[in-house]
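Visitor: I would like a quick tour of this chain. Please take it one question at a time.

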Amino acid sequence: EILYDKAVAAKYTLTDEEKTSCASYADQIYQALTVDQLKVTGLMKDVVVKIYEKMTLAEKYYTFITDGLDIDKKAITAGVKAEDYKQFDTKCLYVATTKYDEANKAVEMTADELKNAEKSINKALKSVKAGDDFATIVAADKTVLTNDITFVSGDKTVSAEYEKSASSLKVGKFSEVVKAAEGYYIIQLVDNASTASYDTAVADAIAVVQSEGFNKEYEKLKKEYNIKIDEKVWD
């Protein structure tokens, strides 16, 4: 309400494109409401549209405030160490050595199943070395799966064995069979120069400082208003 009021006072308006987007969002929300929800709330579609338009206009004033903050983005960026966000993009072939029952509880594989798993991954390795692509290998053996996995050094999204093997590869190269607790892998390193994780970390760090700065400015704005909460409405 406060940001919207400030936006109106500053003569901010919505573009035709923004109005169209608001109507589209409102339609999605309205269509998702059940008949009972509509009865309880008494919401009409045009009301939901107005809510989105109000939010969008308020967002413009929020941006005005954050853009005016004295934030040293270079200093924040320098404080995020690139080496802490070393990213590895990989593809892998995988054969499980664990399985799950109907209750999704881990159960041990039989000795024969484990032997078959080892045979499958070794056969897949021969195919890789012969030049077959992953899709061909997976199509030939249903026990072999393929996946694209991205991880950052030390983030523990992959097993220690997987990370060690993948991070030692050259781009485009394949590993030998890697044995982990959950199964066997053959890993291909696709890229180790992506800055996506680092860029996200920098953006998050800047967003935190922006949020803190906005909150300080917002507390000043609130002093200009007499705020009364209607508890009965909320209840």
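**A tour in questions**

Guide: L114 lies in helix α6, residues 111–129. Helices here are DSSP runs of H or I with at least four residues, strands are runs of E with at least two, and both are numbered from the N terminus. The model is predicted: local features need pLDDT of at least 70, side-chain atom pairs count only at pLDDT 80 or more, and totals for chains, interfaces and linings use all residues. Residues are numbered from 1 along each chain as its sequence is written, and side-chain values use heavy atoms, leaving out hydrogens and water.

Visitor: Is L114 buried, partly exposed or exposed?

Guide: Buried means under 20% relative accessible area, exposed means over 50%, and partly exposed lies in between, using a 1.4 Å probe and protein chains only. L114 has 33% relative accessibility, so it counts as partly exposed.

Visitor: Which residues is L114 in contact with, leaving aside its neighbours within four places in sequence?

Guide: Contact means heavy atoms within 4.5 Å. With those neighbours set aside, the partners of L114 are T97 and M109.

Visitor: How far apart in space are L114 and D72?

Guide: In sequence, L114 and D72 are 42 residues apart. From C-alpha to C-alpha, the distance between L114 and D72 is 56 Å.

Visitor: Why is the chain said to be more spread out than a compact globule?

Guide: The chain has 10 helices and 6 strands. The globule rule is 2.2 Å times the number of residues to the power 0.38, and the radius of gyration is taken over C-alpha atoms. For 235 residues the rule gives 18 Å, so the chain is more spread out than a compact globule, with a radius of gyration of 27 Å.

Visitor: What box do the C-alpha atoms fill?

Guide: The box is taken along the principal axes. Its dimensions are roughly 75 × 50 × 35 Å.

Visitor: How do α4 and α9 lie relative to each other?

Guide: Axes are lines fitted to C-alpha atoms, for helices over the stretch in contact, and angles run from 0 to 180 degrees between N-to-C directions. The axes of α4 (45–67) and α9 (196–222) come within 9 Å and cross at roughly 110 degrees. Angles under 35 degrees count as roughly parallel, over 145 as roughly antiparallel, 65 to 115 as roughly perpendicular and the rest as oblique. α4 and α9 are therefore roughly perpendicular.

Visitor: Which residues of α9 meet α4?

Guide: From α4 come Y61, Y62, I65 and T66. Their partners in α9 are Q210, F214, E217 and L221.

Visitor: How many nonpolar residues does the contact of α4 with α9 have?

Guide: Ala, Val, Leu, Ile, Met, Phe, Trp, Tyr, Cys and Pro count as nonpolar, Asp, Glu, Lys and Arg as charged, and the others, Gly among them, as polar. The contact of α4 with α9 has 2 polar and 1 charged residues, and its nonpolar count is 5.

Visitor: At what angle do α1 and α9 pack?

Guide: I2, L3 and K6 in α1 meet F214, Y218, L221 and K222 in α9. The axes of α1 and α9 are 11 Å apart, and the angle is about 80 degrees.

Visitor: What is the phi of K11?

Guide: Most residues other than glycine have a negative phi. K11 sits in the loop between α1 (2–9) and α2 (16–32). K11 is exposed, at 70% relative accessible area. Its phi is positive, near 65 degrees.
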